[in-house]
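Here is a short briefing on a protein model. Look at the structure first, then read the points grouped by topic.

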Amino acid sequence: MFTIFKNTLQRNLWQLLGWGLTLSLVTLSLTLLYKPMVAQQSQLNSLMQAYGSNFMAFFGGTLDVLSPGGYLDFGYFSYIPIIAGIFSLLVGSGLILVDEERGTLDLVLAHPVSRTALFWGRFLAFTCVTAGILFISWLGFLAGLSGTGWDVSAFALLLPHLDLFVILMLFGSLALFLSMALPSRTLAASLTGGLLVASYFVTSLARVSDKLASLNNFSPLNYYEGGRALDNLNWEHLLALLGFALAFALLAWLLFERRDVRVSGTGGWKMPAWMTMNWWLSAARKQK
Amino acid sequence: MSDFAIQTQSLTKNYGSVHALRGVDLEVRRGEIFGFLGPNGSGKTTTIRCLLVLIRPNAGTSRVLGLDPQKQSRQVRARSGYLPGELRLEDGMTVEATLRYLNALRGGKSDWGYVRKLAERLALDLKIQCRNLSKGNKQKVGVLQALMHKPELLLLDEPTSGLDPLIQQEVLHLIQEAKRDGTTVFFSSHIISEVEQVAERVGIIRQGMVVEVAGTQELMKRALRRARVRFQKPQPDPGLEHLAGVKVLGTDGMTVHLQIEGEMDALIKELAKFPVADFETERPSLEEIFLAYYEK
């Protein structure tokens, strides 16, 4: 399992550095921008009023953007699940299936490696890479923290990252589960992406429309605290989200244990011909 | 200890309505080279992948090296070397890194000196990136990784595919050397000449069923032969068609073309009654035998 873990870490090293450094630049610049924003508090307040609650609903819903929690939520944690979620669902859906679709899984599984060791070795590496990205992002915040004048500890800053980590693991595990249940990685990633975006919209719009309250109960992002976790992390929600993430991972593992390993290119779902660009291009050529 | 390295009984595998294996019965003896012949889609790869539990059969049983692959798949794989029919390698690694990774998956059993020796024999550069390998060089990596830990059983799916003739011969030599070291070799192929060259026994699979298993030589002896007899003067009716196993394919002046099944003794004795100028027989290639099975 260690060999698989190490190999998966190596494969994702550039992702770890790329995502981590990019996010840390965002977090660092966010902290550096805090003081200038406070200096322009009156203009900012009128700007927030002008945008109104409908706009702010998509950035955590808070109008108190100059409190540490509100600022972090508005500037980073409210929308970052969508952006970092792309990493999460792409890596999650490809954790096993990318090798199967490339045709390299056959060779690995012909070695004395149990499917369980392969699965959990990779899942553990995925967990570590996700945690690593968020750790680098946290370092960005820490680097600029002294300039904000906030009375916020490094541990307190870790809490929204922990919340974000769990939400990323949830969507990563969901993508992994769907990749085992559906016959193509693209389909699993697309479906997870659709659910992530739907969850973001439902939770955001539920802040301004009571009609979505019942639907919002099923939205994972409803249980994500974001920047608000700085002051008040809801551990019950966190553990519930973590429980679902583990449940999806367990289901994916069970499916992987039982399924046939496909030779690359077999058994996948293909898009109907009319849905491809080539079909339309050739149809256009025929018309001419 | 079982005498057989591989035993399957009624091994069946369906993909929806496609019957890939329709009850494969096979016995491969320990220490032999067994050629598994069949055209594309006949079930060769599916059989091998069932033995390694890469896919699970719908019915039937199998034993590999005396173990049940369904229950002891890790042990089976620890003692086997496998070359997939469609080998793909991780593009971002060098050949050496790939081999070291695969070796680590086996607990680092391989002797690296032996790996280098094999690479040298196969003219394979270990420093090259896998993404830059040609199909033939990728195949060399596949052969090398299957052999490097000196397994008890080699499962090779089309081992010479994509290789140039010189390296093909080297691979066949490696297979023969592995056999001399006690390894059982089960290899699938549709290149009959290579099976004929190295295999002691041959299994022919057709539409998911094994239709023949026999010694390579025995299979060739048992098969139809063609003969051409040229008489010194025209023989209107030499009466050869009445002989058991003999069929007259055609007559061309003083020459008669025959097809003979089984022993030649009766024919030779009958021909001795006539003045014969020339007599030629054609030994059938395994290819012809193979094709005969597919024409049935």
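**A kinked helix in chain A**

Helix α5 (residues 80-102) of chain A has a kink of about 60°, centred on Leu95(A); the bend at a residue is the angle between axes fitted to the seven residues ending there and the seven starting there. Helices (H or I, at least four residues) and strands (E, at least two) are DSSP runs, numbered from the N terminus. This is a predicted model, in which local features need pLDDT of at least 70, side-chain atom pairs count only at pLDDT 80 or more, and totals for chains, interfaces and linings use all residues. Residues are numbered from 1 along each chain as its sequence is written, while chains are lettered from A and ligands numbered from 1 in the order in which they are written.

**More on α5(A)**

- In α5(A), 17 of the 23 residues are buried, which leaves the helix mostly covered (buried: 20 or more other C-beta atoms within 10 Å of the residue's own, with C-beta atoms placed from the backbone).

**Two packed helices in chain A**

- Helix α7 (residues 115-145) and helix α8 (residues 154-181) of chain A pack at an angle of about 150°, and their axes are 10 Å apart (axes are lines fitted to C-alpha atoms, for helices over the stretch in contact, and angles run from 0 to 180 degrees between N-to-C directions).
- Residues of α7(A), including Phe126(A), Trp138(A) and Phe141(A), meet residues of α8(A), including Leu157(A), His161(A) and Phe165(A) (contact: C-beta atoms, placed from the backbone, within 7 Å).
- By class, the residues of this contact are 13 nonpolar, 5 polar and no charged (Ala, Val, Leu, Ile, Met, Phe, Trp, Tyr, Cys and Pro count as nonpolar, Asp, Glu, Lys and Arg as charged, and the others, Gly among them, as polar).

**The sheet in chain B**

- Chain B has an open sheet of 3 strands in the order β2-β1-β4, with antiparallel pairing (two strands pair if DSSP finds at least two bridges between them).
- Its edge strands, β2 (18-29) and β4 (59-64) of chain B, each pair on one side only.
- Strand β1 (residues 4-15) of chain B pairs with β2(B) over 9 bridges, and Leu11(B) has Val24(B) in β2(B) as its bridge partner.
- Helix α1 (residues 44-51) of chain B lies across β1, β2 and β4 of that chain, at about 115° to β1(B).

**Where the chains meet**

- In all, 19 residues of chain B are in contact with 18 residues of chain A.
- On the side of chain B that touches chain A, α3(B) gives the largest share, 4 residues.
- That side of chain B has 12 nonpolar, no polar and 7 charged residues.

Methods. Two residues are in contact if their C-beta atoms, placed from the backbone, lie within 7 Å. A residue is buried if 20 or more other C-beta atoms lie within 10 Å of its own, exposed if 12 or fewer, and partly exposed in between; C-beta atoms are placed from the backbone.
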